[in-house]
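Subject: Structure handover

Hello,

Here is the structure for you to look through. My notes follow below it.

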Amino acid sequence: MKKHNKKSGKIRWRIFAAILIPTLLIIVLLWIFHSVFLGIFYRNVKTDELKSATENVIANLETEDIKDRILLLSNDGNINIRVVATKQFETLYSTGEAFNSVTYGWETFGMFNLYNETVENGGELVQYYSENNIGNEIDKKTDSSLVPEEKTSGIKPEITNREPFVSESEEEKHLFRKRFKPTPPPGIFNNIGKQNDLLYAKIATLSDGQEVMVVSDTRITPMDSTVKALRHELVLCSVITVIVSLLVSFFVAKRVSKPIERINKTAKVLAGGKFDVEFDGTGYREIEELNDTLNQTAAELGKVDDLRRELVSNVSHDMRTPLTMIVGYSEVMRDIPGENNPENVQVIIDEANRLSGFVNSVLDLSKLQNGMEMLEIESFDMTEVLEQTADRYKKLLGDGAEFVFEYNERASVDGDKTKIARVINNLCDNAVNYANDPKKVTIRQIVTGYGKCRVEISDNGDGINPEELPYIWDRYYKAKKSHKRNVVGSGIGLSIVKEILNLHRARFGVESSAEKGSTFWFELDISK
């Protein structure tokens, strides 16, 4: 038996951990998503909002309520929307400046460069802008003194130098615009107080052939108040979830483990040799099935213990009797003159043979159970074997007993003739030993309609109690009745019968009732 030096944890705490740990892992994942991926999710949502607003504007550009629609979209999504005619980059519609975004102050020059970038990107552009101390890419590409002339189809506008007039408000816009730079969006959420804007531009052609560019941009960071609110909500949810998980884990672990612990405690009593215990684990179907199984096991172990005690009694009786006879007759022949005669010697020989037969039966049973005996399958006349057996027992029993053989037709079967003959002899010995006087034993051979030869051996004994029937094939088992001198053996014969028939893969059994005797039977395949 394998022994565990290190004891495993209790099932209650394992169930507790199995429920609590996944909950904690989910909370950790929520915090990771909140800290790392919040900006990505938010940016994707805002990008979809910008695209949806832009597509809405493009679809309704030629309707009468386009101005009201643009204002409504701007107010609903906090979006700056501008529609620019790309012929001279004249603003057709605009929400003004809902907030100081990256496009604040972009006039002709800024829109011109944005148009070029959009054309290079296939007519659609998504750009992320981050606040910094470096000038805007638009300022690097185009000087504020450059003015594009009218753009014709397929030809980029020519740029001429002109001395601009820059007012104080325009200078303020210019400085504000220089604080932003187009950059790739960060891989994780960045909310350290800087402003970050998202811009979406798309070029469209109206029904009259006029080309326009719709620009939508919005502020996506900083979101300090939003993030703070979300974090407070997440902290509160995490605390509530952990508390609820602790309570549920403890309750479920206790409810599941309690009947198991109770069964385990009772099993320890069973292991101590007390077989009249009763398991009472309830609560779940699997535990109730285990409870029933252990109750059945306890009952079977109790019966096995009774069999063990009976085994000691049977074996000691069957071995002590011949040994006592051998020792007794030997001492008589030694100590009393004239007792050294053939009759006493024959008694010693008979008892020695009986003891030798018992030991040989034990060895034969051990060989059969260990697979050391091999079958020699052949076709033989079962009817002839039964006839010979019946004739032999008739001579042994004499006129005071009746031994009958009946059959409906002769039959040959496939099997190991020697071992099948031993099965028949053991069953006949069993029937003779337990038959009541005047003894009557009947052998029947029945050829069935499904290719089987059935052999039945019946006696007129007291029968076997129904509760003992499952155990009569067990090694050393004897029916609960007082020993009689004419009852030879210790229950090994039926165990040998069982092992031989199992090797033949044969069906066998017993039918018995109190005061009506017993019938042992087996079936073999008829030879083809």
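Is Arg505 buried or exposed? Arg505 counts as exposed because its relative accessibility is 78%. For these words, buried means under 20% relative accessible area, exposed over 50%, and partly exposed in between (1.4 Å probe, protein chains only).

Before the rest, the ground rules. This is a predicted model, in which local features need pLDDT of at least 70, side-chain atom pairs count only at pLDDT 80 or more, and totals for chains, interfaces and linings use all residues. Residues are numbered from 1 along each chain as its sequence is written, and side-chain values use heavy atoms, with hydrogens and water left out.

**Backbone**

Arg505 has a positive phi of about 55°, although it is not a glycine. Arg505 sits in the loop between α11 (492–503) and β14 (508–513). Helices (H or I, at least four residues) and strands (E, at least two) are DSSP runs, numbered from the N terminus.

Phe89 also has a positive phi, near 55°, and is not a glycine either. Its loop runs between β1 (80–85) and β2 (90–94). Phe89 is buried, because its relative accessible area is 4%. As background, most residues other than glycine have a negative phi, and most peptide bonds are trans.

There is a cis peptide bond between Asp437 and Pro438, with omega about -10°. Pro438 belongs to the loop between α10 (417–434) and β12.

Strand β12 (residues 440–447) holds Gln445. Gln445 counts as buried because its relative accessibility is 1%. Gln445 and Glu409 are 36 residues apart in sequence, and their C-alpha atoms are 8.0 Å apart in space.

Helix α8 covers residues 342–369, 28 residues in total. From first C-alpha to last, α8 reaches 40 Å, close to the 40 Å expected at 1.5 Å a residue. That expected span is 1.5 Å times one less than the number of residues. Buried residues in α8 include Asn344, Glu351, Phe358 and Ser361. Ile348, Leu355, Leu365 and Leu368 of α8 are buried too. Gly371 follows α8 and has a positive phi, near 75°.

Gly273 lies in the loop between α6 (224–271) and α7. Gly273 is partly exposed, because its relative accessible area is 39%. Gly273 and Gly302 are 29 residues apart along the chain, with 8.9 Å between their C-alpha atoms.

**Salt bridges**

How many salt bridges does a search of the whole structure find? It finds 15 salt bridges. The criterion is a side-chain nitrogen of Lys or Arg within 4 Å of a carboxyl oxygen of Asp or Glu.

Lys452 and Asp525 form one of them, at 2.3 Å from N to O. This pair links distant parts of the chain, 73 residues apart: Lys452 is in strand β13 (residues 452–459) and Asp525 in strand β15 (residues 517–525). Lys452 counts as partly exposed because its relative accessibility is 23%. Asp525 is also partly exposed, because its value is 41%.

Arg334 pairs with Asp335 in a salt bridge, with the closest N and O atoms 2.8 Å apart. Arg334 and Asp335 are both exposed.

Glu456 and Arg454 make another salt bridge, with the closest N and O atoms 2.7 Å apart. Both Glu456 and Arg454 are buried. They are part of a salt-bridge network with Glu406, Arg444, Arg507, Glu511 and Glu523.

**Surface patches**

Patches are made of residues with over 30% relative accessible area and no salt bridge; like charges are joined within 9 Å, and nonpolar side chains (Val, Leu, Ile, Met, Phe, Trp, Tyr) within 5 Å.

The nonpolar surface patch consists of Val28, Leu29, Ile32, Phe33, Phe37 and Phe41, with about 520 Å² of accessible area together. Accessible areas come from the Shrake-Rupley method with a 1.4 Å probe, and for residues only the protein chains shown count as cover. Val28 belongs to helix α1 (residues 11–59). Val28 is partly exposed, because its relative accessible area is 45%.

A patch of negative charge on the surface gathers Glu286, Glu288, Glu289 and Asp292. Lys and Arg count as positive and Asp and Glu as negative, while His and the chain ends are not counted. A charge is placed at NZ of Lys, CZ of Arg, CG of Asp or CD of Glu. Asp292 is in helix α7 (residues 285–335). Asp292 counts as partly exposed because its relative accessibility is 49%.

Best regards
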